[in-house]
Amino acid sequence: MLNKKSKTPVVLAAIALGVAIFSSTSSAIAPLAARLIGVNNTVVTIQNFPGGMKGIATDGTKVYAHSSDYGISRIYETNFDGTGTTFHDITNPPSDVTFEQSNLALSHGCIWTSSHSGNLYCISTSTWTANQVAVPNNRPLLGGSWWMYSNMTDLPDGRIGRISEPYSYGSGYASTFRVYNVTGSGANATVSWSEDFILVDPEYWPGDDHGIATDGVYLYRIQCCSSNYRVWSLTSGADSPVVYNEVVATEDGLSNATYITHDHVHSRYIVGDYDQGMFYYTASQNPGAGPGVATTTTTTTTTTTTTIPRTTTIAPTTTVPRTTTTLSAALEIVLTAPAPTVPSGQASVATIPVTTSTLMNTAASKSAGPTTSTVAPTTTPVPTSSTTTLPDVATAAPGQAVVAINGTPSPSEVTRVSNQIVITSGSMKATIGSLDDKGKATSLDQNGNVVLRPGDRIRLRVSGLFPNSNIDAWIFSQPNHLGVAKVDASGAVVTNFIVPKKIPNGPHRIALVAKLVDDKKATFTIGIRVSDFKKALKVPVWLIALPIALAVGFAMFLPPAIRRRRKII
């Protein structure tokens, strides 16, 4: 018989076997971002939508589609819960677009559509006028497969693309996903060829194409009639392999799932119903870094704004003493606007002080008391109010930024330098960096974005504002007023804000509303991501613990089996 000592190595071997089995099987399972359809979808019925959906696109705030009743001549828009449905009649609608068989894309102030013959059109989201946009003669739009011959989509980095029908490739097949850069916005938008992705497949698929969409890392392609969908891992300069191919019901509450798009703001897919005014959206999942995700430089000229009510009632504010700049913060925003003009007789413009602002923080709990500070608060009070007007805030995915002057978007460039995000718009410049508990700069995440936790502190340093004005701080999606800070006589402010403790995980936007020295209102919108790291850590621990526990249980059954095969020593 085996004694206790002889059981020990068997148990350890079984644990190792269990871990090995887990590692080998998990490597064959596609990442969650590549298998979202059919996992946890939310079905939405669009109010006041005539007929079935035809094409689908989104900017992360609204869902856009044609309808079967009005075709190419009208675009409908609705909220993600199907309410607030409105429509826009299109001026000069293209006559050669078969709208039922044409998926849509949205980028650079355009809802893009195309004809089977390869003509490309921009429907401006500001004027709702359609204009034809020239495509390079040596890189024309590719013709798709039956049924979705004009199969377009947009990428998170602002590019657009259209996919071909399958063709023989090596020992199998492939489709080409041709991608174009977009320059300008709306009626001024132009395109140039960017790259071709070769999507390889051992089979000729699909037989009945119903649309493509991508998060910049993975490309989804769905087939008719609830048969299945496939997902490719986009690879620049090499073949893009299939990473997911399962028979999963794509209908999932819809009658005829036909059009698909990706919500780049909330990292989720949306599928529309050909037969009726319905769609569903999947769970959100950040795919990580990829060839279609902006990680270096992004030019933003979007004109889309949130449509939340113009005013809201905020709980009475609590005045909190200013903290010193040595207080630890998770995020530091250094914003430099055009410097104030030096008055006659003054030698220079005052530099940013560190002890002259009072913060009114609505996110802090009254019971928590004032924030610890080693500098006495100023005696200048900040006006209090129980009603605050919500600003118009543009859409900005994590890692993106939008600057608007008097409500008009100003092109902004986003770069990453020394683990900091640098935003430049004209003469204005903002530097954003994560800080550790000692106030030192830390690395951005794998996508080059800022990730905050609920309760983290945001440090703000601003110069070049209108003297003695206020700067408002907000965090969206659900609007939370972070507070108001007083600008000093030199046009500068240094203060701290707190990320609400009950804010959900996922993408969010920090919005700063201030007055420049020329008396113009400037709104700075910065996309961030909030994640409760402690909760997130529980998932992989559980996943690893599960196969080990199974392995231990498996080991307990090994001795009797071995006992039947071994002689007593």
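Which residue in E17 does Tyr218 stand opposite? In this predicted model, local features need pLDDT of at least 70, side-chain atom pairs count only at pLDDT 80 or more, and totals for chains, interfaces and linings use all residues. Residues are numbered from 1 along each chain as its sequence is written, and side-chain values use heavy atoms, with hydrogens and water left out.

The residue opposite Tyr218 is Ser233. Strand E16 (residues 218–223) and E17 run antiparallel and are joined by 5 bridges; strands are DSSP runs of at least two residues, numbered from the N terminus, and two of them pair if DSSP finds at least two bridges between them. Both belong to an open sheet of 4 strands with antiparallel pairing, in the order E15-E16-E17-E19. At its edges lie strand E15 (209–214) and strand E19 (242–246), each pairing on one side only.

Strand E17 (residues 229–233) also holds Arg230. With a relative accessible area of 4%, Arg230 is buried (under 20% relative accessible area, 1.4 Å probe, protein chains only). Its side chain makes polar contacts with the side chains of Asp201, at 2.7 Å, and Asn245, at 3.2 Å. Such a contact is a pair of N or O atoms within 3.5 Å; within protein, one must be able to donate a hydrogen and the other to accept it, and residues adjacent in sequence count only if both atoms are side-chain atoms. Not counting residues up to four places away in sequence, Arg230 touches (heavy atoms within 4.5 Å) several residues, including Glu203, Trp205 and Tyr244.

Across the 569 residues of the protein, 51% count as buried.

Note on methods:
Buried means under 20% relative accessible area, exposed over 50%, partly exposed in between (1.4 Å probe, protein chains only).
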